[in-house]
Amino acid sequence: MNENNTIVNTTMNVSLPETLKEYVQDRVSEGIFSNPSDYVRALIREDMQRRAEDRLENLLLEGLNSGPAHPIDWEAIRAEAYRQAGDDSSAEL
């Protein structure tokens with residue numbers, strides 16, 4: 001994206017062995033993808049999604065392995081949030 005938050009497409013040349021090139025062309029000919037670039041973009045997006053899911057899973061496992069759980073005092077958290085925000089609404093709690 002550029003400074004105006006619009007997507008700017010750029011070109012990247014990728015060399016493929018003939019067998020991979022044929023595979024990409026076969027996938028495009030199936031009609032799911034409009035052209036080889038569309039197929040490659042989809043693969044990259046899938047990889048990005050997979051990496052994000054892996055990161056989330058690792059963070060969740062880290063949390064599970066971090067020790068026993070402790071009760072959370074939500075009332076104290078809300079009261080502190082209201083105090084920091086300078087809001088007197090906490091009196092309603």
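1. **A place to start.** Leu 16 sits in the segment before helix 1 (18–29); helices here are DSSP runs of H or I with at least four residues, strands are E runs of at least two, and both are numbered from the N terminus. At 41% relative accessibility, Leu 16 counts as partly exposed. That label follows a simple scale: buried is under 20% relative accessible area, exposed is over 50%, and partly exposed lies in between, using a 1.4 Å probe and protein chains only.

2. **What kind of model this is.** Please keep in mind that this is a predicted model, in which local features need pLDDT of at least 70 and side-chain atom pairs count only at pLDDT 80 or more, while totals for chains, interfaces and linings use all residues. Residues are numbered from 1 along each chain as its sequence is written, and side-chain values use heavy atoms, with hydrogens and water left out.

3. **The overall fold.** How many helices and strands does the protein chain have? There are three helices and zero strands. Reading from the N terminus, the order of elements is α-α-α.

4. **The overall dimensions.** The protein chain has a radius of gyration of 25 Å, whereas a compact globule of 93 residues would have one near 12 Å. This radius is taken over C-alpha atoms, and the globule rule is 2.2 Å times the number of residues to the power 0.38. Along the principal axes, the C-alpha atoms fill a box of roughly 70 × 40 × 25 Å.

5. **Surface and burial.** Of the 93 residues in the protein chain, 5% count as buried. The accessible surface comes to about 8700 Å², and carbon and sulfur atoms hold 52% of that surface. Accessible areas come from the Shrake-Rupley method with a 1.4 Å probe; for residues, only the protein chains shown count as cover.

6. **Charges.** The protein chain carries 9 positive and 18 negative side chains, and the centres of the two sets lie 6 Å apart. Lys and Arg count as positive and Asp and Glu as negative, with His and the chain ends not counted. Each charge is placed at NZ of Lys, CZ of Arg, CG of Asp or CD of Glu.

7. **Salt bridges.** Side chains of opposite charge can pair when their charged atoms come close. A search of the whole structure finds four salt bridges, each being a side-chain nitrogen of Lys or Arg within 4 Å of a carboxyl oxygen of Asp or Glu. Among them is the pair Glu 30 and Arg 27, at 2.5 Å from N to O. Glu 30 is partly exposed, with a relative accessible area of 49%.

8. **A pair in helix 2.** Where do Asp 47 and Arg 50 lie? Both are in helix 2 (residues 36–64), three residues apart, which is about one turn of the helix. Asp 47 is partly exposed at 33% relative accessible area, and Arg 50 is partly exposed at 44%.

9. **A pair in helix 3.** Glu 75 forms a salt bridge with Arg 78, and the closest N and O atoms are 3.3 Å apart. Both residues lie in helix 3 (residues 74–85), three residues apart, about one turn of the helix. Glu 75 is partly exposed, with a relative accessible area of 44%, and Arg 78 is partly exposed too, with 37%.

10. **A nonpolar patch.** Now back to Leu 16. Together with Met 12, Val 14 and Leu 20, Leu 16 makes a nonpolar surface patch of about 430 Å². Patches are made of residues with over 30% relative accessible area and no salt bridge; like charges are joined within 9 Å, and nonpolar side chains (Val, Leu, Ile, Met, Phe, Trp, Tyr) within 5 Å.

11. **Distances from helix 2.** Leu 60 lies in helix 2 and counts as exposed at 52% relative accessibility. The C-alpha atoms of Leu 60 and Trp 74 are separated by 21 Å, with the two residues 14 apart along the chain. Gln 49 also lies in helix 2, and is partly exposed at 47%. Between the C-alpha atoms of Gln 49 and Tyr 82, 33 residues apart along the chain, the separation is 36 Å.

12. **Distances from the start of the chain.** Asn 5 lies in the segment before helix 1 and is exposed at 60% relative accessibility. Its C-alpha atom is 38 Å from that of Leu 64, 59 residues away along the chain. Asn 4 lies in the segment before helix 1 as well, and is exposed at 56%. The C-alpha atoms of Asn 4 and Ala 52, 48 residues apart along the chain, are separated by 26 Å.
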